[in-house]
Amino acid sequence: MRTFNKYNVSPKADRTCDGIVFDSKFEMKAYELLRDNLGKQYFTLSPKYELQPKFRDSAGKAIRCITYVGDFLVTYNNKEYVVDTKGMETPVFKMKEKMFKYIYSKDIIKIKSKKRMLEFITLIKNEKEF
């Protein structure tokens, strides 16, 4: 019988590809689709964006920076797409998405299914808007 951890994430072996452990099986499948249909040279894993810099409050306490880490940064035909594979959008993600749009003036492409990932790949390969 398979057991899941307290976060309902499948075992590492089920979400590992090319020696990379992904956060979910779906993120791993998205990686495989990008790798097989575009090529590794057209995307990077886990792009990190600063949404608020670190600072010290009036009492001198250090406050950490707020960051957003996407799943993939796809660069194709001189266009960049920040891609996030989502099963469910949490309130924290929704807040960070708003901050990201405000600071970087970009949308986060949210992919929720294999079909949608294939549509995304096809559209960018044909130089159409997603």
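In strand β8 (residues 72-76), Leu73 is the bridge partner of Thr44, and β3 and β8 run antiparallel, joined by three bridges. Strands and helices are DSSP runs numbered from the N terminus (strands E, at least two residues; helices H or I, at least four), and two strands are taken as paired if DSSP finds at least two bridges between them. The model is a predicted one, in which local features require pLDDT of at least 70 and side-chain atom pairs count only at pLDDT 80 or more, whereas totals for chains, interfaces and linings use all residues. Residues are numbered from 1 along each chain as its sequence is written, and side-chain values use heavy atoms, with hydrogens and water left out.

Strand β8 also pairs with strand β9 (residues 79-85), in the antiparallel sense and over five bridges. Within this pairing, Val74 stands opposite Tyr81 of β9. The hairpin of β8 and β9 has two residues between the strands, and Asn77 takes a positive phi there, near 50 degrees. Because four of its five residues are buried, β8 is largely enclosed by the rest of the structure; buried denotes under 20% relative accessible area, exposed over 50%, and partly exposed the range in between (1.4 Å probe, protein chains only). In strand β9 is found Asp84, which is buried at 4% relative accessibility. Residues up to four places away in sequence being left aside, Asp84 touches Tyr68, Val69, Gly70, Asp71, Phe93, Ile108, Ile109, Lys110 and Ile111, a contact being heavy atoms within 4.5 Å.

The structure holds 11 aromatic pairs. Rings of Phe, Tyr and Trp (its six-membered ring) are paired if their centres lie within 6.5 Å; planes under 30 degrees apart are stacked, those over 60 edge-to-face and the rest tilted. Phe43 and Phe72 form an edge-to-face pair, because their ring centres are 6.0 Å apart and their planes lie at 80 degrees. This pair links distant parts of the chain, with Phe43 in strand β3 (residues 43-45) and Phe72 in strand β8, 29 residues apart. Phe43 is buried at 8% relative accessibility, and Phe72 is buried at 0%. Phe100 and Tyr104 form a tilted pair, at 5.1 Å centre to centre and 35 degrees between the planes. These two residues are separated by about one helical turn, because they are four residues apart in helix α2 (residues 91-104). Phe100 is buried at 0% relative accessibility, whereas Tyr104 is partly exposed at 30%. Over the face of Phe93 lies Lys86, at 4.3 Å from the ring centre; the criterion for a charge over a ring is NZ of Lys or CZ of Arg within 6 Å of the ring centre and within 35 degrees of the ring normal.

Helix α1 (residues 25-37) has 13 residues, and its end C-alpha atoms are 18 Å apart, in agreement with the 18 Å that it should span at 1.5 Å a residue; the expected span is 1.5 Å times one less than the number of residues. Its buried residues are Glu27, Met28, Ala30, Tyr31, Glu32, Leu33 and Leu34. The buried residues of α1 pack against β1 (16-17), β2 (20-21), β3, β8, β9 and α3 (114-125). Gly39, which follows α1, has a positive phi near 110 degrees.

With a disulfide defined as a pair of cysteine sulfur atoms within 2.5 Å, the count comes to zero. Cys17 is buried, with a relative accessible area of 8%, while Cys65 is partly exposed at 34%.
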